[in-house]
Amino acid sequence: MKEYDGKKLKNCTKEGVNFEDEDAKKLLEEQKASYESVCKLIKETLGDKVEKVEVGQRLEDSPCVLVTGEYGWSANMERIMKA
């Protein structure tokens, strides 16, 4: 099933999921600018264990989320391939 009620379904464990409107977009840009140095520090600390670190608005209760690239393997597929 790739579509429901005229809307395309998308895997929310991948990057590029947007739930925001115009006001939220402006707020996100401000947050990205203010947390740029923190994201850079985290990326430098983790090195090549992560592809990138960025601010998002997907979470409310958790401090972070790990997502796969838009065209990358899911975590389950990586587990299957390693086996």
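The report covers the basis, the fold and the pockets.

## Basis

This is a predicted model: local features need pLDDT of at least 70, side-chain atom pairs count only at pLDDT 80 or more, and totals for chains, interfaces and linings use all residues. Numbering starts from 1 along each chain as its sequence is written, and side-chain values use heavy atoms, without hydrogens and water.

## Fold

The chain holds three helices and two strands, in the order β-β-α-α-α from the N terminus. Both are DSSP runs (helices H or I, at least four residues; strands E, at least two).

Buried residues make up 8% of the 83 (under 20% relative accessible area, 1.4 Å probe, protein chains only).

## Largest pocket

The largest pocket has a volume of about 1,200 Å³. A pocket is an open set of points on a 1 Å grid over the protein atoms alone, where a 1.4 Å probe fits, with protein on both sides within 12 Å along at least five of seven lines; lining residues have an atom within 4 Å of a point. The volume is the space filled by probe spheres set on the points.

Its lining has 34 residues, and Glu 54, Val 55, Gly 56, Val 65 and Val 67 are the closest to the centre. Helix 2 gives the largest share, four residues.

## Second largest pocket

This pocket holds about 160 Å³. Its lining is Leu 66, Val 67, Thr 68, Gly 69, Trp 73, Ala 75 and Glu 78.

Conventions
Buried < 20%, exposed > 50% of the residue type's maximum accessible area, 1.4 Å probe, protein only.
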